[in-house]
Each structure stands twice: as C-alpha cells, then as structure tokens.
Amino acid sequence: MKKFSLLGICLFGAFALSAQTDVVKEVEQALKGSNPDYKAALAKIQPALSNEATKNDALTWKLAGQANEGIYDGFLKQMMLGTELSNDQKKAAGTALLDLYNDYLTALPLDQHPDKKGVMKPGKLTKGMVKSLADNYRQLSQAGVLLFEAGDYMGAYNIWEMYVTVPNNPILGDKAPKADPDTVVGQIMYYQLLSALSANENAKALSKVEPIEKSGYQNIETFVYGIEAARRLNDSIAMFDLAKQGYDKYGTQNISFVGELINDRLNENDFAGCEKLVNEAIAATPADNKEILSQLYDILGIVYEQQENNEKAIEYLNKAIEINPEVAKNYYDLGRIIYNQAVKLDETVETEAQRKAEVDPKLLQAAEYFEKAYALDSANLSQIPNILYRLYYRLGDGYQDKAEEWSNK
C-alpha cells in the first residue's frame, strides 16, 4: 500500500495557500499597468475569492471589483460612441457593473481595522472603493435596462436593488451617493416588479408593491402585476387586498380590480354584494367608455347566471353586446348560456317533434353567437370549433356538413 506523508500534505496545503497569495499580487501588478487586460485579471483572481488564504482579504475583492469596473467602462465607452451592443454584450456589461458593486461591498467590511483604542476604522482601500461606488451609481439604472433587454431578469432585479439600497448603506457613510427622488426610486422598483414577474420570482414581485405605493410613484399596472404575482402564488388574500386597493384608487380604469372583488363575493355566494359592486362600477363609469361598460354588463350577466336566473343573464349580456358589438367574450357567454339551456331542455322533451320545435332553435341561436365570437377572437377562443362540432352533430340531419366544417378548424 502506498504511504502518504502527513508532512507532504501539509507542505502541499501551504504551497496552495501561498500560490493564491501570489495570484493576488500578480493581479494587483497587472491592474497597475498602462493598458490592463481586465477580463484576464478577473479570470485570474477568481480562485482567490474562495481560497481560505485570500477570501477574507479586502484586497482580493477590491481587485475583482477593479477588474469588473474596467470591463464595464469598456462597454460604456462603446455605448457613448453610439455602438449598439448585442444581447450577450449587454448581459456582460450589466453583470460586470453588478459584480463591481458586490465585490466592493464585500471588500469594505474587510477593510475595517481597530486603532490603538480598539475603534474600528476604514483602511487604505476604502476611500477609492467608496468613490467608485458613488461615481458609478447613476449607471445602475441603465445597466438594469441592459440586463432586462438581454433577458437576464433577475440580474436586472438585483442591479436595480443596488440602485434602491446603496444610498442608505451605512458602510458608505457620508460619501454614499444621494438617492434620487422617491418617485424615481419607486419607478425603478416598479421595473423590479416586472423583472421578478418575468423570472417567475413571484414572491419578490409581490413584495415590491407596497414600497412602490409608499414611494408615491403612480402606476395602475403596479396593482395589475401585483395581483398576477399573488395569483401565481395562490395567495387569494393578497389578490383581494390588491384588487381592493386598485379599485379604491383607480375605479374601473382597469376592469380586473372589480372582477377580483366580484370573484371574492361569488366565492362567498354573496350575490347581492356582487350586484352592488357591479352597479356601483357602472354608475362610476363614463357613458362614453363603452369598452368598460360592456365588460361590466357582461359580468352582471354572469352574476345572474350563477343565480340560475338565465332570463336576467341573457338580458344583461344582450345589453353588453348592444353597448359594444365588437367584444368576442360577450357573444361567447351569451351563446354558452343559451346552449346550456338547450341541452337542459333536451333532457326533458318527449318527442322528436318537440325537440325540433323547442331545442333546435336554441341550438341554432347559440351557434350564431359562437360563430360571431370566433370570428372576432379565434386566438383566445380556440375551444369554439369543438363546441360547434358537437352542437351541429346534435342537430343531426342537414347539419353534417357544418359539423364536418368545424371539426376541421
């Protein structure tokens, strides 16, 4: 059996530690040159960032940040000259600036040393790093855009988080960059919400709604996207709360708010509450806003359908169509209710003559509405061809061609 020397292992460990220390010195010298290769320096310093001998040394992280700063500056010069960056270059530029901030913010606490009285004081590296963080602060918002455009949504979120938090970071002291006005910061947080939602980081997206609102930044989509984040999280309480806030603030400017509130009442079988909400929304909506009014009457029709009052449901759905005849969903809902009536009636008729006299006219009326809905919005109503196939098949003789036509769509 081969014997290992403990002394040899210890010597190897010492050699490895010494090697990483030498790497730090080599990178430091390389970055002092007249034309440093920042990418090569960054690649070379990487092992030292995790090595036990060097990872707790402020200089190691400072050099990594310095290399990242040089990489970002190179891209910045290209952009200032009007060069259009590719998505890969945008990602590289944004990542370099984000890493610059992460590196320096890691180095700063390591560059704190006790004086003769034991009071912690910043070391010789701190001043330059703090200045760099302050000088590059204005670049953070634009670098977030680069990362977002490159599809690195969480990279964008994280670099915008630097923009939001760095001015209040206590380690920067009185040299910290001055924060922009609250509403500007709020807009950046809104972009963070979009980024997190795009990355399916829904908890992070939802967490941004409250600080956005507190900032004074006004955007109705804050609540719309907040509700979507809550929906993905199956957080019905947050959905209701955001819908209530959105409706109180913006009314029927976005119909989804009152829709969420009505869904909540429907879940509680509070039909009176539903009708009250819809009627209040109708009363608050200008008469010339036909799109919103049409949707509200459609919702009112659905509320009555839930109560099995099909007569009232059909009345209000016809009202919705009268107000705006170009909304596919109104025709679809009306066709669906009439079709369901026909199917239910078909279960009670006793003769074929009775079926043709009472059921078939309803089926044909429903088919007319389904076809109109499909003509207006085939993309979002892809289920209609199958419905019409079954409908015409049910009608039997004389409608086989129509059934075949819709089976092929």
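What covers the buried residues of helix 16? The cover includes helix 15 (290-306) and helix 17 (328-346), where covering rests on contact, meaning heavy atoms within 4.5 Å. The residues being covered are Ala313, Ile314, Tyr316, Leu317, Ala320, Ile321 and Ile323; buried here stands for under 20% relative accessible area, exposed for over 50%, and partly exposed for anything in between (1.4 Å probe, protein chains only). Helices are DSSP runs of H or I with at least four residues, strands are E runs of at least two, and both are numbered from the N terminus.

A word on the model comes next. It is a predicted one, in which local features need pLDDT of at least 70 and side-chain atom pairs count only at pLDDT 80 or more, while totals for chains, interfaces and linings use all residues. Residues are numbered from 1 along each chain as its sequence is written, and side-chain values use heavy atoms, with hydrogens and water left out. The mean pLDDT (the predictor's confidence in each residue, from 0 to 100) comes to 92, with 95% of residues at 70 or more. Over residues 1-16 pLDDT stays under 50, and the model has one contact for them beyond four places in sequence.

Helix 11 (residues 221-232) runs to twelve residues and spans 16 Å between its first and last C-alpha, close to the 16 Å expected. Its buried set is Thr222, Phe223, Val224, Gly226, Ile227, Ala229 and Ala230. Among the elements covering these are helix 8 (182-198), helix 9 (202-207), helix 10 (209-215), helix 12 (236-250) and helix 13 (255-267). Helix 13 also holds leucine 261, which is buried at 4% relative accessible area. Leucine 261 touches Phe240, Ala243, Lys244, Tyr247 and Leu277, leaving aside residues up to four places away in sequence. Between the C-alpha atoms of leucine 261 and phenylalanine 223, 38 residues apart along the chain, there is a gap of 13 Å.

Asparagine 234, in the loop between helix 11 and helix 12, has a phi near 55°, a positive value in a residue other than glycine. Asparagine 234 is exposed, at 70% relative accessible area. Asparagine 269 sits in the loop between helix 13 and helix 14 (271-284) and also has a positive phi of about 55°; its relative accessible area of 56% makes it exposed. Alanine 48, in the loop between helix 2 (38-45) and helix 3 (58-80), is buried at 0% relative accessibility.

Helix 5 (residues 126-135) gives the largest share, four residues. By class, the lining has five nonpolar, three polar and four charged residues. Nonpolar covers Ala, Val, Leu, Ile, Met, Phe, Trp, Tyr, Cys and Pro, charged covers Asp, Glu, Lys and Arg, and polar the others, Gly among them.

Definitions and conventions:
Expected span 1.5 Å × (residues − 1).
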